[in-house]
Amino acid sequence: MADGCRAVRTARSARAGASGTMGAMSAATSPSQPEPRATPHRAGFACFVGRPNAGKSTLTNALVGTKVAITSNRPQTTRHTVRGIVHRPEAQLVLVDTPGLHKPRTLLGERLNDVVRTTWAEVDVIGFCLPADQKLGPGDRFIAGELAGIKKTPKVAIVTKTDLVDSQQLAEQLIAVDRLGKELGFEWAEIVPVSATGGNQVGLLADLLVPLLPESPALYPEGDLTDEPEQVMVAELIREAALEGVRDELPHSIAVVVEEMLPREDRPADRPLLDIHANLYIERPSQKGIIIGPKGKRLKEVGTKSRKHIEALLGTPVFLDLHVKVAKDWQRDPKQLRKLGF
């Protein structure tokens with residue numbers, strides 16, 4: 001789970017090295033007459049935080065322009081720090097979508113919260129997502145209180161899901177958000193209402209985040225949309241499909257591990273096929289039937305739905321082999337958590 005934070009630090013170190021090199025070259029070759037300075041290129045990391053189901057992953061996908069983070073109407077869907085990359089001529093904005101900060105009930109929950117707090121310390125700007133259709137609650141105030149302790153990093157309040165409220169409700173929420181910052185002794189760098197699903201003011205949000213980034217060359221190659229490993233993204237797409245239509249308590253018990261991704265050897269070059277073997281882990285034998293469904297119907301639906309997204313992601317036809325296994329109480333077992341990548 002620390003890999004995401006290390007990647008932020010590594011890119012930051014590369015940025016510092018590149019900036020230092022460029023500065024040295026500029027000093028050695030500076031002309032006697034100063035030339036008008038071009039608009040500096042900016043690059044850096046923006047972290048989206050908020051309580052579970054605040055629209056962070058949907059917003060990340062909307063800004064990147066493609067699916068890099070899984071979404072669900074179930075809280076605590078995101079379990080990894082997913083990075084989506086927004087390319088602009090004058091900037092590169094790296095979005096870090098974190099798990100929702102929440103009151104943990106398991107060892108997994110504690111580790112997810114640790115990931116969020118560690119990420120806050122590594123980014124250049126923090127975006128706090130607050131849904132427009134829900135009044136500010138204790139969870140929002142708790143997160144805002146934690147943000148108040150981070151003095152140097154600019155904080156942007158993002159009021160999400162504006163398509164679900166009328167203009168009066170939105171105005172009341174914007175006033176409440178502004179008041180929340182003042183009560184805690186800090187000013188928001190910006191307060192931006194957006195609708196990720198409707199695309200309303202998504203571009204404006206990017207416009208407002210970019211000036212808050214440091215001057216830097218690009219951190220990732222042009223065209224890269226995420227630095228998540230393909231196997232992790234495939235596993236997340238399978239888990240997203242498995243989250244749909246199950247009981248409220250079950251989604252937190254589902255983990256997916258891709259065991260193997262190999263091109264099928266006997267296929268001609270113009271008709272490739274990628275074999276993917278993955279295991280869905282649940283915590284109790286009684287949950288197995290829920291995932292598989294009568295005569296395997298539900299598991300087949302999970303495979304069909306996730307395969308479409310995987311093929312779109314990888315750009316190749318896929319044969320998806322899914323199996324359901326029991327890892328007893330894995331959310332509370334340190335050994336099981338390590339095995340499942342947490």
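Modeller: Let's start at a pair of residues: V49 stands opposite F128 in β4. Before going on, a word on the ground rules. This is a predicted model, where local features need pLDDT of at least 70 and side-chain atom pairs count only at pLDDT 80 or more, while totals for chains, interfaces and linings use all residues. Residues are numbered from 1 along each chain as its sequence is written, and side-chain values use heavy atoms, with hydrogens and water left out.

Back to β4, residues 125–131. Strands (E, at least two residues) and helices (H or I, at least four) are DSSP runs, numbered from the N terminus. Strand β1 (residues 42–49) pairs with β4 in the parallel sense over four bridges; two strands pair if DSSP finds at least two bridges between them. β4 also pairs with strand β5 (residues 155–160), again in the parallel sense, over six bridges, and there C129 has I158 of β5 as its bridge partner.

How much of β4 is covered? Seven of its seven residues are buried, buried being under 20% relative accessible area, exposed over 50% and partly exposed in between (1.4 Å probe, protein chains only). That goes for both faces: V125, G127, C129 and P131 are buried on one side, and I126, F128 and L130 on the other.

I291 has a relative accessible area of 0%. A242 sits 49 residues away from I291 in sequence, yet their C-alpha atoms are 7.3 Å apart.

Next, an open sheet: three strands in the order β7-β8-β9, with mixed pairing. β7 (255–263) and β9 (318–326) are at the edges with a single partner strand each, so one side of each has no neighbour in the sheet. On average, neighbouring strands here are turned by 15 degrees against each other, direction ignored; axes are lines fitted to C-alpha atoms, for helices over the stretch in contact, and angles run from 0 to 180 degrees between N-to-C directions. β8 (residues 274–282) pairs with β9 in the parallel sense over nine bridges, and H277 stands opposite D321 in β9. Helix α7 (residues 230–243) packs on this sheet and touches β7, β8 and β9, its direction making about 130 degrees with that of β7. Helix α9 (residues 297–314) touches β7, β8 and β9 too, at about 135 degrees to β9.

Then there's a helix pair. The axes of α2 (residues 56–64) and α6 (residues 202–209) come within 10 Å and cross at roughly 85 degrees. That makes α2 roughly perpendicular to α6 (angles under 35 degrees count as roughly parallel, over 145 as roughly antiparallel, 65 to 115 as roughly perpendicular and the rest as oblique). L59, A62 and L63 of α2 meet V202, L205 and A206 of α6, with contact meaning heavy atoms within 4.5 Å.

Finally, confidence. The chain's mean pLDDT, the predictor's confidence in each residue from 0 to 100, is 79, and 73% of its residues reach 70 or more.
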